[in-house]
Amino acid sequence: MKVPMLDLVAEHAPYRAELVTAFEKVLDSGRFVLGPEVEAFEQEIGEWIGVPHAVGVSNGSDALLLALQAVGVGPGDEVICPTFTFFATAGAVARLGGVPVFVDSAECCYNLRADQVAAKISPKTKAIIAVHLFGQCADMDPILAAAKKRNIPVIEDAAQALGAKDKGRMAGTMGTLGCFSFFPTKNLGAMGEGGLVTTKDADLAEKVRKLRVHGAKVKYFHEMIGGNFRLHELQAAFLRVKLKYLDSALKRRNQNAKRLIQLLQDKWSAIMPVESCVCQGQGEVESEKPGTCLLPFSCHSGAGEHTWNQFVIRVTGEGQRDDLREKLSAKGVQTEIYYPRAMHEQDCFSGKKSDSFPMAEALSWETLALPLRIPL
Ligand SMILES: Cc1ncc(COP(=O)(O)O)c(C=O)c1O
């Protein structure tokens, strides 16, 4: 039996005809970039998220770049972000000449540690990026509180977490700006690339809209230096179809996650990594016996608040994760490693090695994403 991480052909099958109709509509309109489909999508997704301004952009990486640029991040500015994340988080900071200041991950949900965010705020801190990793929100309250004291904008990297909540609040509505990705593996995937910036602030939304088209509100009259970060009509049309099915897809994934947790407890004696949330500071770290399977832990997210973009287990002990991966592969079960190297260890950020990030490093050796988007 083959178990893929993701089978998009099968996922799209129930609404294939609607996708084809959407394609034909755009084809026949002759309008392919920033048109009525993008406008309608921005309206619909904004309502779904519950945010007044939603700006469709080229992809999630550019969404981060635009959000950082909108709050004024430039050369030499420090931006606090987790080291255990996808490259785009820290990459966007560096693309603007900023300096990513890394924090370690919490042992519970693997999101950034709120206590370290507060500790690393300096006079040079221009923004904080809270990443909602694997579909679960970071612990936003202490991060927002620390930022508020110094009036520092918080950008939510919600690329993996469309639909996730923290104490009832939707990802992308809690910080100054929210950034989403519509890469095909994400909760809402385009048939290509796409992204979104959300905000409650009308001025910031207007700024992002300008930056999206080379900094011009009126064509050929440039108020600032932006770029080409436009969302395509075809992608918006596809995303509008898929948005109608997002609630049921998230519900199904939540059910799958519960069943997989039960299965791993029964068959592999898997255990939870901690007894309670430690996002606000690490307690005593207990080392488990090598080969222990640690389950994903929904620490501060209540029922249904985790969107399970990835189902990530931890297998303790040197080489144990890789052994398990090989065994599963031999049985036809595809897995993925998110992420094999933390940002502070990347060659391009090698100057940032001075701090220690023991949790992030352990996660990069021990975590393994299992397939979840399948009927179990
Ligand atoms: C946490 C995170 N941030 C940003 C991005 C970038 O999104 P995109 O691939 O659409 O550029 C991703 C995509 O994998 C991501 O996982």
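Trainee: Where does Tyr110 sit?

Mentor: Tyr110 is in the loop between strand E3 (99-103) and helix H6 (114-120). Those labels are DSSP runs numbered from the N terminus: helices are H or I with at least four residues, strands are E with at least two. This is a predicted model, where local features need pLDDT of at least 70 and side-chain atom pairs count only at pLDDT 80 or more, while totals for chains, interfaces and linings use all residues. Residues are numbered from 1 along each chain as its sequence is written, and side-chain values use heavy atoms, with hydrogens and water left out.

Trainee: Why does Tyr110 count as buried?

Mentor: Buried means under 20% relative accessible area, exposed means over 50%, and partly exposed is in between (1.4 Å probe, protein chains only). Tyr110 comes in at 3%, so buried it is.

Trainee: What is the phi of Tyr110?

Mentor: Phi is near 70 degrees there, a positive value in a residue other than glycine. Most residues other than glycine have a negative phi, and most peptide bonds are trans. Trp308 also has a positive phi, near 50 degrees. You'll find Trp308 in the loop between strand E12 (293-294) and strand E13 (311-315), and with 5% relative accessibility it is buried.

Trainee: Which peptide bond is cis?

Mentor: Look at the bond from Tyr338 to Tyr339, where omega is near 5 degrees.

Trainee: Why do Phe87 and Phe349 get a label of stacked?

Mentor: Their centres are 5.7 Å apart and their planes lie at 25 degrees, so the pair is stacked. That pair links Phe87 in helix H5 with Phe349 in the loop between H11 and H12, 262 residues apart. Phe87 is partly exposed at 37%, while Phe349 is buried at 7%.

Trainee: How do you know that strand E8 is mostly covered?

Mentor: Go through residues 177-181: five of its five residues are buried. On one side these are Leu177, Cys179 and Ser181, and on the other Gly178 and Phe180.

Trainee: What makes E5 and E8 a strand pair?

Mentor: Two strands pair if DSSP finds at least two bridges between them. Strand E5 (residues 154-157) and E8 have three bridges, in the parallel sense, with Ile155 opposite Leu177. E8 and strand E9 (residues 195-199) run antiparallel and are joined by four bridges, and Phe180 has Leu196 of E9 as its bridge partner.

Trainee: Now the charged residues. What makes Arg240 and Glu44 a salt bridge?

Mentor: A salt bridge needs a side-chain nitrogen of Lys or Arg within 4 Å of a carboxyl oxygen of Asp or Glu. The closest N and O atoms of Arg240 and Glu44 are 2.7 Å apart, which meets that rule. Arg240 is in helix H9 (residues 233-243) and Glu44 in helix H3 (residues 36-49), 196 residues apart. Arg240 at 23% is partly exposed, and so is Glu44 at 27%.

Trainee: How many salt bridges are there by this rule?

Mentor: The count comes to 19. Among them is Arg321 with Asp322 at 2.8 Å, N to O. Arg321 is buried at 5%, whereas Asp322 is partly exposed at 36%.

Trainee: How far apart are the closest N and O atoms of Arg325 and Glu336?

Mentor: They are 4.0 Å apart, and the two form a salt bridge. The pair links Arg325 in helix H11 to Glu336 in the loop between H11 and H12, 11 residues apart.

Key:
Phe/Tyr/Trp six-rings, centres within 6.5 Å; stacked < 30°, edge-to-face > 60°.
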